[in-house]
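The following exercises are to be worked through with the sequence and the coordinates at hand. Each task is followed by its solution in steps.

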Amino acid sequence: MNKNLYKSLVNFLGALTIVCTIASCECDRDKKEELIKQQAEKEKLEKEQSVEVDKIGTVIQGTLDPATGNFIYETGDIFTIKLPNGEEIFEVGNNSTEAKLFNFLKDSTLNVSEDKTKGWITLDRVYFDTGKTTLTTESGKQIKNLAQILKAFPKAKVKIGGYTDTTGSEEINKKVSEDRAKIVQEELIKSGVQTERISSEGYGSQHPVCEANDTPECKAQNRRVDIRVLEK
């Protein structure tokens, strides 16, 4: 073979090797970047899902009732809850307080969070007369439903939390929220749940579910009573 031709061929093959190596490196780098991107997206999704679990009951759907000032929650499709003691709760929504409490208590894979700000479920059909601690007539049905669920899970212990919006002084708000939480606690006890299984506390305007507190809808969402499982 011609010496110059041989030399040219060697140089060509060397250059080709370098190009292939660079291309391979580029492919590996692109592949690595894609894997990193996929992992980041996976972690983001898992975090978002975790937040949804932690904030059980705080995904809010509904409308404001201008006549009462109450927030009317969308509780989902109607179904019947079949309790482990054989009793049934009829005509409740699949996204209602009853459904959320029941599903949490029956699922052995769901644990009570050590973070006391998490795991709260809003009572979506418990209302009070404006500015008072008097329960409206329709609130009694949901409280009785919750008592029925708790009696079907005798190991469960719960806490009732009362909340207000930011209107007025915090001192008054704290007192109102305490009284409202206490009343729900007392009604559950009257419905047959043992006293030692229920505690209550008022938090005033702390822990809003609608932080802006700047519209009637937002304030109505923050005026609420929640329930949290302490033991199951």
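**Exercise 1. Locate Asn70 in the predicted model, decide whether Asn70 is buried or exposed, and list its contacts remote in sequence.**

Solution. 
1. Asn70 lies in strand 2, which spans residues 70-73.
2. The relative accessibility of Asn70 is 16%. The cut-off for a buried residue is under 20%, so Asn70 counts as buried.
3. Once neighbours within four places in sequence are set aside, Asn70 touches Thr63, Leu64, Asp65, Tyr127 and Ala220.

**Exercise 2. Describe the secondary structure of the chain and its overall burial and contacts.**

Solution. 
1. The chain contains five helices and eight strands.
2. Along the sequence, these elements give the pattern α-β-β-β-β-α-β-α-β-α-β-α-β.
3. Of the 232 residues in the chain, 32% are buried.
4. The accessible surface of the chain is about 14,400 Å², and carbon and sulfur atoms account for 54% of this surface.
5. Contacts between residues at least 6 apart in sequence are considered next: 65% of them join residues at least 24 apart.

**Exercise 3. Determine which strands pair with strand 6, and in which sense, parallel or antiparallel.**

Solution. 
1. Strand 6 comprises residues 157-163, and six of its seven residues are buried.
2. With strand 8 (residues 224-231), strand 6 runs antiparallel, and seven bridges join the two. Within this pairing, Gly162 is opposite Val225 of strand 8.
3. With strand 7 (residues 198-202), strand 6 forms five bridges in the parallel sense. Here Val158 has Ile198 of strand 7 as its bridge partner.

**Exercise 4. Identify the cysteines that form a disulfide and assign the handedness of the disulfide.**

Solution. 
1. The structure has one disulfide.
2. Its partners are Cys210 and Cys218, with sulfur atoms 2.0 Å apart.
3. Why is the disulfide called left-handed? The torsion about the S-S bond of Cys210 and Cys218 is about -115 degrees, and the disulfide is therefore left-handed.
4. Both cysteines, Cys210 and Cys218, are buried.

Technical notes. Residues are numbered from 1 along each chain as its sequence is written. This is a predicted model: local features need pLDDT of at least 70, side-chain atom pairs count only at pLDDT 80 or more; totals for chains, interfaces and linings use all residues. Side-chain values use heavy atoms; hydrogens and water are left out. A disulfide is a pair of cysteine sulfur atoms within 2.5 Å. Buried means under 20% relative accessible area, exposed over 50%, partly exposed in between (1.4 Å probe, protein chains only). Helices (H or I, at least four residues) and strands (E, at least two) are DSSP runs, numbered from the N terminus. Two strands pair if DSSP finds at least two bridges between them. Contact means heavy atoms within 4.5 Å. Accessible areas come from the Shrake-Rupley method with a 1.4 Å probe; for residues, only the protein chains shown count as cover.
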